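Colleague: I would like to learn how to read this model, feature by feature. Please give me the general idea each time, then the case at hand.

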Amino acid sequence: MDTENGISFILPTRNRVAVLRRAVESCISLSSHGIDPLVIVIDGGSSDGSLDDMRTRYNGDRRVQLVSQCPESSGFMNACFLGTTLVHTKFVTFMYDDDVLSPFIATMYAPVLENRAEFVMGFGRVGPVDEVIKFRPLPDPVPADPITVLEQYFGARDLPYTAVPVSPICCLTTLDHLQEWDRRVQQFASRGFLRRHLMLGRNIGPDLMLYMTGLLRSTGGVSVCYGTVAQFSTHPDSMTVRFDALDLDIGYWLARLSVFQDIVGRGDTRLAAACGGYLLARGAAFILRGLASRKFRYVTALVGEVRGLTTSLLGARLMLPALRRAVADAVRRATRGPTLTSLLEHSSIT
């Protein structure tokens, strides 16, 4: 494989034979655009013939690597962690087995492949699982300040999109960043019941961490492609159907919390206070929602997380400006109405 133009797609799957081939084909079609794709299909114990179908169709195709996950270590996040050890290309991302890449996505990848950016991101659109949306040619990605983009994940709405990207298929990063992400997720998400349950058990939040850590570590800038680069499929087993809104909201809140100390460490008190205030406001709201839903174990864990956040803010002498931001955030949400889930779920362009 050409490691300079090689892109690896880590693709965990289980019992999705009806759509898996479509996802793989959308990746390997990049061969016609001067890109050398490698799709690492990690099967978590399918019983529907998925792996046999892959073996039959792609036997001898070096663009597709098939891995059978051990039953005792199966699960989506374990497959992701395994995938990071199998990548040998410089560039990499994840995809879900019901995703479909735009045939024009090479346009989004160009700044990273040409070393004009360290991290690039685009947007996705929701579509029914049994059909593929009509993709359009993509505009050229534009350079963006990584911290300006990062602030969008903490409530700012200064860029021309209606929701921030979450799904990893809408970004491209480097292997060293992916390996760093792996370590950070395992370290952060293994601490405490709520983190393990939502982030490792239900894989809510680690995808968002890929974006935020990529933005924070970027020294050569990032690029944003304002176009639809992938389709997310809706079906009864998709995350936004299977898990309730509170779980989704808290998982993504925890992802933001995971990078807060890095934000404080930058020495930008305005940014740290704004992000800390956002986390305080949303954490308090989730505690109330947890009480209303009688999810008392969630509430206990959230109180501990908010207490730790408060200690960090006090230690950095950011509590007062953070509280001002928290109040402003609460007022804005009360007057505008959108929930965090509606802003995060399936990002799109205006």
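Modeller: Begin with contact, which means heavy atoms within 4.5 Å. Helices (H or I, at least four residues) and strands (E, at least two) are DSSP runs, numbered from the N terminus. With those terms, what covers the buried residues of helix α4 includes β1, β4 (91–94), β5, β6, β8 and β9.

Colleague: Before going on, where do the numbers come from?

Modeller: This is a predicted model, in which local features need pLDDT of at least 70, side-chain atom pairs count only at pLDDT 80 or more, and totals for chains, interfaces and linings use all residues. Residues are numbered from 1 along each chain as its sequence is written, and side-chain values use heavy atoms, with hydrogens and water left out.

Colleague: Which residues of α4 are buried?

Modeller: Buried means under 20% relative accessible area, exposed means over 50%, and partly exposed is in between (1.4 Å probe, protein chains only). In α4, which spans residues 106–113, seven of the eight residues are buried. They are Ala106, Met108, Tyr109, Ala110, Pro111, Val112 and Leu113. After α4 comes asparagine 115, which has a positive phi near 60 degrees.

Colleague: How do I read strand pairing, and which way do β6 and β9 run?

Modeller: Two strands pair if DSSP finds at least two bridges between them. Strand β6 (residues 119–128) and strand β9 (residues 222–234) run parallel and are joined by nine bridges. Within that pairing, glycine 127 is opposite serine 233 of β9. β6 also pairs with strand β8 (residues 171–174), here antiparallel and over two bridges. Methionine 121 has cysteine 171 of β8 as its bridge partner.

Colleague: Which other strands pair with β9?

Modeller: Strand β5 (residues 100–101) runs antiparallel to β9, with two bridges between them. Leucine 101 is bridged there to alanine 230. Strand β7 (residues 142–144) is antiparallel to β9 as well, over three bridges, and valine 142 faces valine 224 across that pairing.

Colleague: How many residues of β9 and of β6 are buried?

Modeller: In β9, 11 of the 13 residues are buried. In β6, seven of the 10 are. As background, side chains in a regular strand alternate between the two faces of the sheet.

Colleague: Now a single residue. Is serine 26 buried or exposed?

Modeller: Serine 26 counts as buried because its relative accessible area is 9%. Serine 26 sits in helix α1 (residues 17–28). Neighbours within four places in sequence aside, serine 26 touches Met95, Val100 and Leu101.

Colleague: How far is the serine 26 side chain from the backbone nitrogen of leucine 101?

Modeller: A polar contact is a pair of N or O atoms within 3.5 Å; within protein, one must be able to donate a hydrogen and the other to accept it, and residues adjacent in sequence count only if both atoms are side-chain atoms. A polar atom of the serine 26 side chain lies 3.1 Å from the backbone nitrogen of leucine 101. Leucine 101 is the residue bridged to alanine 230 in β9.

Colleague: Which residues other than glycine have a positive phi?

Modeller: Among them is asparagine 15, with a phi of about 55 degrees. Asparagine 15 is in the loop between β1 (6–13) and α1, and is partly exposed because its relative accessibility is 28%. Another is arginine 317, with phi near 60 degrees. Arginine 317 is in the loop between α13 (296–315) and α14 (319–336), and its 78% relative accessibility is why arginine 317 counts as exposed.
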